[in-house]
There are 2 protein chains.
Amino acid sequence: MRITTRKATSDDLADLLQLVCELAHYEKAPDEVWATLEDYEAGFTNNDFESIVATDENGTIQGAVIYYLTWSTWKGRMLYLEDFIVKQSARQQGIGAILFEDFLKRAKELGCRLVKWQVLDWNEPAIRFYEKAGATIEKEWWNGKIIFEKESNQEL
Amino acid sequence: MRITTRKATSDDLADLLQLVCELAHYEKAPDEVWATLEDYEAGFTNNDFESIVATDENGTIQGAVIYYLTWSTWKGRMLYLEDFIVKQSARQQGIGAILFEDFLKRAKELGCRLVKWQVLDWNEPAIRFYEKAGATIEKEWWNGKIIFEKESNQEL
(Lines give C-alpha, C1' and ligand atoms only; values in the text may rest on other atoms or scores of the structure.)
Protein backbone atom coordinates (compact mmCIF):
# COMPACT_ATOMS: atom_id res chain seq x y z
CA MET A 1 0.00 0.00 0.00
CA ARG A 2 1.45 3.38 -0.99
CA ILE A 3 0.27 5.82 1.65
CA THR A 4 0.13 9.58 1.39
CA THR A 5 -1.29 12.01 3.92
CA ARG A 6 -3.03 15.34 3.52
CA LYS A 7 -5.29 17.67 5.45
CA ALA A 8 -8.93 16.65 5.27
CA THR A 9 -11.34 18.84 3.32
CA SER A 10 -15.11 19.07 3.68
CA ASP A 11 -15.36 16.43 0.92
CA ASP A 12 -13.81 13.89 3.33
CA LEU A 13 -16.34 14.35 6.14
CA ALA A 14 -18.69 11.55 5.04
CA ASP A 15 -15.72 9.13 4.92
CA LEU A 16 -14.48 10.34 8.30
CA LEU A 17 -17.89 9.84 9.92
CA GLN A 18 -18.02 6.40 8.29
CA LEU A 19 -14.64 5.52 9.88
CA VAL A 20 -15.88 6.76 13.27
CA CYS A 21 -19.07 4.67 12.92
CA GLU A 22 -17.12 1.55 11.93
CA LEU A 23 -14.97 1.94 15.04
CA ALA A 24 -18.05 2.48 17.25
CA HIS A 25 -19.57 -0.66 15.76
CA TYR A 26 -16.37 -2.59 16.46
CA GLU A 27 -16.52 -1.28 20.04
CA LYS A 28 -20.15 -2.52 20.23
CA ALA A 29 -21.50 1.00 20.72
CA PRO A 30 -23.02 1.96 17.35
CA ASP A 31 -25.95 3.76 19.03
CA GLU A 32 -23.56 6.10 20.82
CA VAL A 33 -22.78 7.98 17.62
CA TRP A 34 -25.33 10.79 17.55
CA ALA A 35 -23.38 13.17 15.33
CA THR A 36 -24.70 13.39 11.78
CA LEU A 37 -22.96 14.41 8.57
CA GLU A 38 -24.68 17.80 8.96
CA ASP A 39 -23.11 18.15 12.43
CA TYR A 40 -19.69 17.28 10.99
CA GLU A 41 -20.15 19.83 8.20
CA ALA A 42 -21.21 22.55 10.65
CA GLY A 43 -18.35 21.72 13.04
CA PHE A 44 -15.76 21.62 10.28
CA THR A 45 -16.92 24.94 8.82
CA ASN A 46 -16.72 26.45 12.30
CA ASN A 47 -13.15 25.12 12.81
CA ASP A 48 -14.34 23.03 15.77
CA PHE A 49 -11.89 20.37 14.55
CA GLU A 50 -9.34 19.55 11.85
CA SER A 51 -8.22 16.23 10.44
CA ILE A 52 -5.35 14.68 8.52
CA VAL A 53 -6.19 11.63 6.40
CA ALA A 54 -3.97 8.83 5.08
CA THR A 55 -5.01 7.59 1.65
CA ASP A 56 -3.85 4.63 -0.43
CA GLU A 57 -2.90 4.71 -4.13
CA ASN A 58 -6.61 4.74 -5.06
CA GLY A 59 -7.33 7.75 -2.90
CA THR A 60 -9.25 5.64 -0.37
CA ILE A 61 -8.92 6.82 3.24
CA GLN A 62 -7.20 4.12 5.34
CA GLY A 63 -6.75 6.13 8.51
CA ALA A 64 -7.11 9.55 10.07
CA VAL A 65 -6.32 11.78 13.03
CA ILE A 66 -9.04 14.16 14.23
CA TYR A 67 -7.85 16.96 16.52
CA TYR A 68 -8.54 20.48 17.72
CA LEU A 69 -6.87 23.45 19.30
CA THR A 70 -7.25 23.80 23.07
CA TRP A 71 -5.63 25.69 25.94
CA SER A 72 -3.40 24.49 28.73
CA THR A 73 -3.60 27.01 31.58
CA TRP A 74 0.00 26.10 32.49
CA LYS A 75 1.64 25.84 29.08
CA GLY A 76 -0.56 27.76 26.64
CA ARG A 77 -1.69 26.56 23.24
CA MET A 78 -2.28 22.79 23.08
CA LEU A 79 -3.39 20.48 20.27
CA TYR A 80 -5.68 17.67 21.40
CA LEU A 81 -5.88 14.40 19.50
CA GLU A 82 -9.49 13.31 19.84
CA ASP A 83 -9.49 10.33 17.50
CA PHE A 84 -6.75 8.27 15.89
CA ILE A 85 -8.07 5.59 13.56
CA VAL A 86 -6.39 3.13 11.20
CA LYS A 87 -8.69 0.71 9.39
CA GLN A 88 -8.44 -2.83 10.72
CA SER A 89 -7.33 -4.13 7.29
CA ALA A 90 -4.59 -1.51 6.96
CA ARG A 91 -2.77 -2.00 10.25
CA GLN A 92 0.86 -3.08 10.80
CA GLN A 93 2.04 -0.96 7.88
CA GLY A 94 3.23 2.11 9.72
CA ILE A 95 0.22 4.26 8.82
CA GLY A 96 -0.34 5.16 12.48
CA ALA A 97 3.24 6.35 12.88
CA ILE A 98 2.98 8.57 9.78
CA LEU A 99 -0.30 10.08 10.98
CA PHE A 100 1.03 10.68 14.50
CA GLU A 101 4.13 12.34 13.08
CA ASP A 102 1.94 14.61 10.92
CA PHE A 103 -0.17 15.45 13.96
CA LEU A 104 2.95 16.52 15.92
CA LYS A 105 4.12 18.58 12.94
CA ARG A 106 0.75 20.32 12.74
CA ALA A 107 0.91 21.10 16.48
CA LYS A 108 4.29 22.80 16.00
CA GLU A 109 3.01 24.68 12.95
CA LEU A 110 0.16 26.03 15.09
CA GLY A 111 2.60 27.21 17.76
CA CYS A 112 1.46 24.67 20.37
CA ARG A 113 3.53 24.00 23.48
CA LEU A 114 2.17 20.50 23.90
CA VAL A 115 -0.12 17.80 22.57
CA LYS A 116 -2.47 15.62 24.58
CA TRP A 117 -4.78 12.67 24.03
CA GLN A 118 -6.22 9.66 25.87
CA VAL A 119 -5.64 5.93 25.70
CA LEU A 120 -7.56 3.07 27.33
CA ASP A 121 -5.65 1.53 30.24
CA TRP A 122 -5.78 -1.97 28.70
CA ASN A 123 -4.50 -0.91 25.27
CA GLU A 124 -0.88 -2.01 25.75
CA PRO A 125 0.25 -1.83 22.10
CA ALA A 126 -0.99 1.78 21.88
CA ILE A 127 0.67 2.69 25.19
CA ARG A 128 3.97 1.20 23.98
CA PHE A 129 3.64 3.13 20.71
CA TYR A 130 3.14 6.42 22.57
CA GLU A 131 5.93 5.78 25.06
CA LYS A 132 8.31 5.04 22.19
CA ALA A 133 7.30 8.42 20.74
CA GLY A 134 8.45 10.09 23.98
CA ALA A 135 5.05 10.55 25.60
CA THR A 136 4.32 10.80 29.29
CA ILE A 137 1.38 8.62 30.35
CA GLU A 138 -0.60 9.99 33.30
CA LYS A 139 -2.71 7.48 35.22
CA GLU A 140 -4.17 9.56 38.05
CA TRP A 141 -6.85 11.52 36.20
CA TRP A 142 -10.45 10.45 35.77
CA ASN A 143 -12.81 11.89 33.17
CA GLY A 144 -16.00 13.60 34.19
CA LYS A 145 -18.72 14.14 31.66
CA ILE A 146 -22.34 15.20 31.40
CA ILE A 147 -24.16 14.35 28.20
CA PHE A 148 -27.17 16.55 27.53
CA GLU A 149 -30.39 15.04 26.25
CA LYS A 150 -30.50 14.72 22.49
CA GLU A 151 -33.37 17.22 22.52
CA SER A 152 -31.60 19.96 24.49
CA ASN A 153 -29.47 20.78 21.50
CA GLN A 154 -32.42 21.21 19.22
CA GLU A 155 -34.07 23.85 21.40
CA LEU A 156 -31.29 26.30 20.73
CA MET B 1 -19.64 37.51 50.37
CA ARG B 2 -22.03 38.64 47.62
CA ILE B 3 -20.97 36.79 44.51
CA THR B 4 -21.80 37.67 40.91
CA THR B 5 -20.53 35.98 37.79
CA ARG B 6 -19.77 37.31 34.33
CA LYS B 7 -17.79 36.36 31.24
CA ALA B 8 -14.13 37.25 31.53
CA THR B 9 -12.77 40.07 29.38
CA SER B 10 -9.18 40.66 28.33
CA ASP B 11 -8.84 42.95 31.38
CA ASP B 12 -9.22 39.87 33.61
CA LEU B 13 -6.38 37.87 32.08
CA ALA B 14 -3.69 39.04 34.52
CA ASP B 15 -5.95 38.06 37.45
CA LEU B 16 -6.73 34.70 35.84
CA LEU B 17 -3.05 33.91 35.30
CA GLN B 18 -2.42 34.95 38.91
CA LEU B 19 -5.09 32.46 40.09
CA VAL B 20 -3.54 29.72 37.94
CA CYS B 21 -0.07 30.49 39.37
CA GLU B 22 -1.36 30.45 42.96
CA LEU B 23 -2.88 27.03 42.36
CA ALA B 24 0.35 25.75 40.78
CA HIS B 25 2.25 27.05 43.79
CA TYR B 26 -0.18 25.29 46.12
CA GLU B 27 0.36 22.10 44.08
CA LYS B 28 4.13 22.60 44.51
CA ALA B 29 4.68 23.02 40.76
CA PRO B 30 5.21 26.77 40.25
CA ASP B 31 7.90 26.16 37.59
CA GLU B 32 5.43 24.24 35.44
CA VAL B 33 3.58 27.42 34.48
CA TRP B 34 5.32 28.55 31.29
CA ALA B 35 2.45 30.58 29.88
CA THR B 36 2.93 34.34 30.14
CA LEU B 37 0.40 37.15 30.18
CA GLU B 38 1.27 37.74 26.51
CA ASP B 39 0.39 34.09 25.77
CA TYR B 40 -2.92 34.49 27.58
CA GLU B 41 -3.67 37.68 25.64
CA ALA B 42 -2.85 36.03 22.31
CA GLY B 43 -4.88 32.91 23.17
CA PHE B 44 -7.86 34.91 24.37
CA THR B 45 -7.86 37.12 21.26
CA ASN B 46 -7.70 33.97 19.13
CA ASN B 47 -10.67 32.42 21.01
CA ASP B 48 -8.46 29.54 22.16
CA PHE B 49 -10.38 29.69 25.43
CA GLU B 50 -13.14 31.52 27.31
CA SER B 51 -13.67 32.08 30.99
CA ILE B 52 -16.41 32.96 33.46
CA VAL B 53 -15.30 34.71 36.65
CA ALA B 54 -16.98 34.99 40.05
CA THR B 55 -16.40 38.34 41.75
CA ASP B 56 -17.19 39.58 45.25
CA GLU B 57 -18.85 42.91 46.12
CA ASN B 58 -15.53 44.72 45.56
CA GLY B 59 -15.15 43.28 42.07
CA THR B 60 -12.30 41.00 43.16
CA ILE B 61 -12.17 37.66 41.37
CA GLN B 62 -12.72 34.80 43.85
CA GLY B 63 -13.02 31.96 41.36
CA ALA B 64 -13.18 31.10 37.68
CA VAL B 65 -13.88 28.43 35.11
CA ILE B 66 -11.65 28.32 32.02
CA TYR B 67 -13.00 26.28 29.11
CA TYR B 68 -12.95 25.87 25.35
CA LEU B 69 -14.95 24.41 22.52
CA THR B 70 -13.91 20.95 21.30
CA TRP B 71 -15.33 18.12 19.21
CA SER B 72 -16.59 14.70 20.23
CA THR B 73 -16.45 12.42 17.18
CA TRP B 74 -19.47 10.54 18.59
CA LYS B 75 -21.63 13.38 19.88
CA GLY B 76 -20.47 16.54 18.09
CA ARG B 77 -19.83 19.88 19.75
CA MET B 78 -18.38 19.58 23.27
CA LEU B 79 -17.33 22.17 25.85
CA TYR B 80 -14.25 21.19 27.82
CA LEU B 81 -13.65 22.54 31.33
CA GLU B 82 -9.89 22.94 31.57
CA ASP B 83 -9.63 24.70 34.91
CA PHE B 84 -12.04 25.26 37.76
CA ILE B 85 -10.63 27.38 40.55
CA VAL B 86 -12.07 28.85 43.73
CA LYS B 87 -9.67 30.75 45.97
CA GLN B 88 -8.77 28.87 49.13
CA SER B 89 -10.20 31.66 51.31
CA ALA B 90 -13.53 31.73 49.44
CA ARG B 91 -14.47 28.05 49.59
CA GLN B 92 -17.54 26.48 51.24
CA GLN B 93 -19.76 29.32 50.04
CA GLY B 94 -21.27 27.73 46.97
CA ILE B 95 -19.12 29.68 44.48
CA GLY B 96 -18.08 26.45 42.74
CA ALA B 97 -21.69 25.39 42.24
CA ILE B 98 -22.59 28.76 40.71
CA LEU B 99 -19.60 28.67 38.36
CA PHE B 100 -20.29 25.07 37.31
CA GLU B 101 -23.94 25.93 36.62
CA ASP B 102 -22.85 28.89 34.48
CA PHE B 103 -20.43 26.63 32.62
CA LEU B 104 -23.26 24.16 31.80
CA LYS B 105 -25.47 27.05 30.68
CA ARG B 106 -22.73 28.35 28.39
CA ALA B 107 -22.33 24.85 26.90
CA LYS B 108 -26.05 24.75 26.04
CA GLU B 109 -25.90 28.28 24.63
CA LEU B 110 -23.10 27.14 22.32
CA GLY B 111 -25.17 24.17 21.12
CA CYS B 112 -22.93 21.57 22.78
CA ARG B 113 -24.11 17.98 23.20
CA LEU B 114 -21.88 17.35 26.18
CA VAL B 115 -19.31 18.75 28.58
CA LYS B 116 -16.16 17.06 29.77
CA TRP B 117 -13.34 17.67 32.26
CA GLN B 118 -10.89 15.78 34.46
CA VAL B 119 -10.56 15.22 38.17
CA LEU B 120 -7.73 13.68 40.20
CA ASP B 121 -8.58 10.18 41.45
CA TRP B 122 -7.90 11.14 45.10
CA ASN B 123 -10.07 14.27 45.05
CA GLU B 124 -13.14 12.77 46.74
CA PRO B 125 -14.99 16.02 47.55
CA ALA B 126 -14.73 17.09 43.90
CA ILE B 127 -15.87 13.67 42.66
CA ARG B 128 -18.87 13.78 45.01
CA PHE B 129 -19.68 17.30 43.76
CA TYR B 130 -19.64 16.15 40.13
CA GLU B 131 -21.64 12.99 40.79
CA LYS B 132 -24.29 15.05 42.57
CA ALA B 133 -24.45 17.21 39.43
CA GLY B 134 -25.30 14.10 37.39
CA ALA B 135 -21.85 13.47 35.92
CA THR B 136 -20.47 10.14 34.76
CA ILE B 137 -16.95 9.50 36.03
CA GLU B 138 -14.79 7.36 33.72
CA LYS B 139 -11.81 5.63 35.30
CA GLU B 140 -10.36 3.62 32.44
CA TRP B 141 -8.67 6.34 30.39
CA TRP B 142 -5.07 7.44 30.79
CA ASN B 143 -3.71 10.74 29.48
CA GLY B 144 -0.88 10.81 26.99
CA LYS B 145 1.06 13.98 26.45
CA ILE B 146 4.18 15.27 24.77
CA ILE B 147 5.47 18.65 25.88
CA PHE B 148 7.66 20.37 23.31
CA GLU B 149 10.82 22.14 24.37
CA LYS B 150 10.26 25.72 25.47
CA GLU B 151 12.35 26.81 22.47
CA SER B 152 10.40 24.96 19.78
CA ASN B 153 7.56 27.43 20.08
CA GLN B 154 9.81 30.41 19.54
CA GLU B 155 11.11 29.14 16.22
CA LEU B 156 7.71 29.47 14.62
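A crossing of two helices is called left-handed if the near helix is turned anticlockwise from the far one by less than a right angle, and right-handed if clockwise. This term will be needed at the second stop of the tour.

The structure on display is a predicted model, in which local features need pLDDT of at least 70, side-chain atom pairs count only at pLDDT 80 or more, and totals for chains, interfaces and linings use all residues. Residues are numbered from 1 along each chain as its sequence is written, while chains are lettered from A and ligands numbered from 1 in the order in which they are written.

**First stop: chain A as a whole**

Select chain A and colour it by secondary structure. Five helices and seven strands make up its secondary structure; helices (H or I, at least four residues) and strands (E, at least two) are DSSP runs, numbered from the N terminus. Along the principal axes, the C-alpha atoms of chain A fill a box of roughly 45 × 45 × 30 Å.

**Second stop: two helices in each chain**

Two packed helices are described by the angle between their axes and the distance between the axes. Select residues 13-26 and 37-45 of chain A, which are helices H1 and H2. Their axes come within 10 Å and cross at roughly 120°; axes are lines fitted to C-alpha atoms, for helices over the stretch in contact, and angles run from 0 to 180 degrees between N-to-C directions. H1(A) and H2(A) are therefore oblique to each other, since angles under 35 degrees count as roughly parallel, over 145 as roughly antiparallel, 65 to 115 as roughly perpendicular and the rest as oblique.

Which residues of H1(A) meet H2(A)? A:Leu13, A:Ala14, A:Leu16 and A:Leu17 do so, and their counterparts in H2(A) are A:Leu37, A:Tyr40, A:Glu41 and A:Phe44. Two residues are in contact if their C-beta atoms, placed from the backbone, lie within 7 Å.

Now select residues 13-26 and 37-45 of chain B, helices H1 and H2 of that chain. They pack at an angle of about 120°, with axes 10 Å apart, and the crossing of H1(B) with H2(B) is right-handed.

Next, display the strands of both chains. An open sheet of seven strands runs in the order E1(A)-E2(A)-E3(A)-E4(A)-E5(A)-E7(B)-E6(A), with mixed pairing; two strands pair if DSSP finds at least two bridges between them. At the edges stand strand E1 (4-7) and strand E6 (136-138) of chain A, each with a single partner strand, so one side of each lacks a neighbour in the sheet. On average, neighbouring strands are turned by 25° against each other, direction ignored.

Select residues 50-55 of chain A, strand E2, which is antiparallel to E1(A) and joined to it by four bridges. A:Thr4 stands opposite A:Thr55 there. Then move to residues 114-120 of chain A: this strand, E5, pairs with E7(B) in the antiparallel sense over seven bridges. A:Val115 and B:Ile146 stand opposite each other.

Within it, E4(B) and E5(B) run parallel and are joined by four bridges; B:Leu79 stands opposite B:Val115 in E5(B).

**Last stop: the contact between the chains**

Finally, show both chains together. The contact takes 54 residues from chain B and 54 residues from chain A. Several elements of chain B each supply at least two residues to its side, including strand E7 (141-147) and helix H5 (150-154). On this side of chain B, 27 residues are nonpolar, 12 polar and 15 charged.

How values were computed: Ala, Val, Leu, Ile, Met, Phe, Trp, Tyr, Cys and Pro count as nonpolar, Asp, Glu, Lys and Arg as charged, and the others, Gly among them, as polar.
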